[in-house]
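User: I should like to learn how to read the features of a protein model. Could you guide me through one, step by step?

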Amino acid sequence: MPVVEWLRALEQTRISEVVRESAFPYIEGTHVLGLSLSVGMIAWVDLRLVGATMRTRPVSEVYESVKGWMLAGFCVMFVTGALLFAAHATKAYASVFFRAKIAFLLLAGVNALIFHRTVNRRTTSWNDAAVPPTGARMAGLTSLVLWLSVIAAGRLFAYDL
């Protein structure tokens, strides 16, 4: 089955119809709240990695203090995003803004994965430093740029519907 046919079938499911016909504004609002919570918490960690804020707090302490909220926001964002996608799957698939959003989202995930597999493994040597090493600062800055790009592309996609 070609992708577009599968997407049309997804749009014809009962849940997609309910989202599109009556629940869309509530789910979209919840998606934005989940995004705000998740990305807001990620931004605190990224700003600490960049060395722009909370310089007297260890990086691991900042991360641990926001991790639960960040993960909760990401779960809400993921579930509501999937529902919003299902409601307008063919339009999303055709939208350059949606494709850019997904690309930026994947790149943010790759950035986090690389950070956690490389620079973060040596956190004990720089955890208390007011300004972390270059690799950590670059990962934080890259994360901030990518998440802002996810948000911008998502907003542009919403106006494209």
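**Reading a helix and its surroundings**

Analyst: On the face of H5 turned away from its buried side lie the exposed residues Val96, Leu106 and Arg117. Here exposed means over 50% relative accessible area, buried under 20%, and partly exposed in between, with a 1.4 Å probe and protein chains only. Helices (H or I, at least four residues) are DSSP runs, as are strands (E, at least two), and they are numbered from the N terminus. This is a predicted model, in which local features need pLDDT of at least 70 and side-chain atom pairs count only at pLDDT 80 or more, while totals for chains, interfaces and linings use all residues. Residues are numbered from 1 along each chain as its sequence is written, and side-chain values use heavy atoms, with hydrogens and water left out.

User: Which residues of H5 are buried?

Analyst: In H5 the buried residues are Phe98, Lys101, Ala108, Asn111 and Phe115. They lie on the same side of H5, because they cover an arc of only 140° around the axis; the arc is that of the directions from the helix axis to the C-beta atoms. The cover over the buried residues of H5 includes helix H2 (14-50), helix H3 (59-87), helix H4 (89-94), helix H6 (123-126) and helix H7 (134-160).

User: What span should helix H5 have, and how far apart are its end C-alpha atoms?

Analyst: The expected span of a helix is 1.5 Å times one less than its number of residues. The 22 residues of helix H5 (residues 96-117) should therefore span 32 Å, and the end C-alpha atoms are 31 Å apart, which agrees.

User: With which residues is Ser38 in contact, leaving aside its neighbours within four places in sequence?

Analyst: Contact means heavy atoms within 4.5 Å. With those neighbours left aside, Ser38 is in contact with Met70, Gly73, Phe74 and Met77. Ser38 belongs to helix H2 and counts as buried because its relative accessible area is 1%.

User: How many salt bridges are there?

Analyst: A salt bridge is a side-chain nitrogen of Lys or Arg within 4 Å of a carboxyl oxygen of Asp or Glu. By this rule there are three salt bridges. One of them joins Glu17 to Arg14, with the closest N and O atoms 3.8 Å apart. Both residues lie in helix H2, three residues apart, which is about one turn of the helix. Arg14 is exposed at 58% relative accessibility, whereas Glu17 is partly exposed at 22%.

User: Which residues form the other bridges?

Analyst: Glu61 and Arg57 meet through their side chains at 2.8 Å, N to O. Glu61 is partly exposed, at 39% relative accessible area, and Arg57 is also partly exposed, at 28%. Lys67 and Glu64 meet at 3.4 Å, N to O; both lie in helix H3, three residues apart, about one turn of the helix.

User: Where does Met54 lie, and what is its phi?

Analyst: Met54 lies in the loop between H2 and H3. Its phi is near 50°, a positive value in a residue other than glycine. Met54 counts as partly exposed because its relative accessibility is 22%.
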